[in-house]
Amino acid sequence: MSKNEEINSIDPASISQQELHGYLLSAVAPRPICFASTIDKDGNVNLSPFSYFNLFSVNPPIMIFSPSRRGRDNTTKHTLENVLEVKETVINIVNYDMVEQMSLSSTEYGDGVNEFVKAGFTQVPSDKVKPPRVGEAPVAFECVVDQVIALGDGPGAGNLVLAKVVQIHVKKAYLDADGNLDTPKLDLVARMGGNWYCRANGDALFEIPKPIRTKGIGVDMLPEAVRNSDILTGNNLGRLGNLEELPSAEAIEKVAEHPDVKSMVGGVKNSSEIHTLAQKWLTEGNTEDALALLHL
């Protein structure tokens, strides 16, 4: 962290709930969206989105979302009331093609109003639970509700709905050649702070080698001049530290003969030029060569 970087440290108890809400929802993002369809004991259907949501277990398959108490008057939402009456829900996944309709469904309509109809969604019968699923959703998870855990009784307090997946519906159009869900095809959206959303597609998507079966050398094993570089970023260092071993003498000698290295001004290899070239190679995916270059 830069010595000149200023930090605003805040005790959450010292600011208003609205200010706290803004900090939390803008910083903890992007958040996946649970588009939950539920039903009450009289058969009235409700459909509402929640961004306090994620997957928490695969065995058993458990998803959790949280309908919070309303900040303005501390009342509870229809979704929470429904899952307490009928312990079932369908968690529909939201992509870009349906995000505007999803947003419309978040309007707080009165009792008995079906958001499927208001937002123009197709109501499709589920296989194993009573609430219907959204026909337009690329993926839908039929769930039974294991628990509902109240986190408080004041305005803004969450209520954790622990939902166990019992049936999955996947549209084949979103599968790749191997039958797996294709992330670019899914074109998912996520919630940010305020009125902002983000779209998981195009340049927003990128891949990072995952250090699961390998053990990277770590940033601490890089030369001090590299660790303290004014050119190489933290992401650059992380990618280098993910390699399994330091470069061999042969690899370093090979890199020294590279035309880009030999053509450096006057044949002088200063750290600025080397770091700039290493960064270029990193962006091109030549991580091993970049590490060898930095050990010249």
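Colleague: In this predicted model, how many residues of the lining of the second largest pocket are nonpolar, polar and charged?

Modeller: Let's start with the pocket itself, which has a volume of about 580 Å³. Its lining has 24 residues, and P32, F53, I93, L186 and L188 are the closest to its centre. Pro, Phe, Ile and Leu each count as nonpolar. Sorting the whole lining gives 21 nonpolar, two polar and one charged.

Colleague: And which element gives the largest share of that lining?

Modeller: Several elements supply at least two residues each, including β8 (139-150), β9 (159-170) and α5 (183-186). The largest share is three residues, and it comes from β3.

Colleague: Okay, now the largest pocket: which element gives the most to its lining?

Modeller: This pocket has a volume of about 1500 Å³. Its lining has 50 residues, with H21, L25, Y52, S68 and K77 nearest the centre. Among the elements that supply at least two residues are α1 (17-27), β2 (45-50) and α2 (78-85). With six residues, the one that gives the most is α1.

Colleague: Where does the largest share of the largest nonpolar core come from?

Modeller: That core has 21 residues, and L222, L240, W281, L293 and L294 touch the most other members. Two or more residues come from each of α7 (234-241), α8 (249-256), α10 (271-283) and α11 (287-293). The largest share is five residues, from α10.

Colleague: Which residues is L240 in contact with, leaving aside neighbours within four places in sequence?

Modeller: L240 is one of the core members that touch the most others. With those sequence neighbours left out, its contacts are I217, L222, L282, T287, A290, L291 and L294.

Technical notes. Residues are numbered from 1 along each chain as its sequence is written. This is a predicted model: local features need pLDDT of at least 70, side-chain atom pairs count only at pLDDT 80 or more; totals for chains, interfaces and linings use all residues. Side-chain values use heavy atoms; hydrogens and water are left out. A nonpolar core is a set of buried Ala, Val, Leu, Ile, Met, Phe, Trp, Tyr and Cys residues joined through side-chain atoms within 4.5 Å. Buried means under 20% relative accessible area, exposed over 50%, partly exposed in between (1.4 Å probe, protein chains only). Helices (H or I, at least four residues) and strands (E, at least two) are DSSP runs, numbered from the N terminus. Contact means heavy atoms within 4.5 Å. On a 1 Å grid over the protein atoms alone, a cavity is a set of points where a 1.4 Å probe fits but cannot get out, and a pocket is an open set with protein on both sides within 12 Å along at least five of seven lines; lining residues have an atom within 4 Å of a point. Grid points are joined across faces, edges and corners, and a volume is the space filled by probe spheres set on the points.
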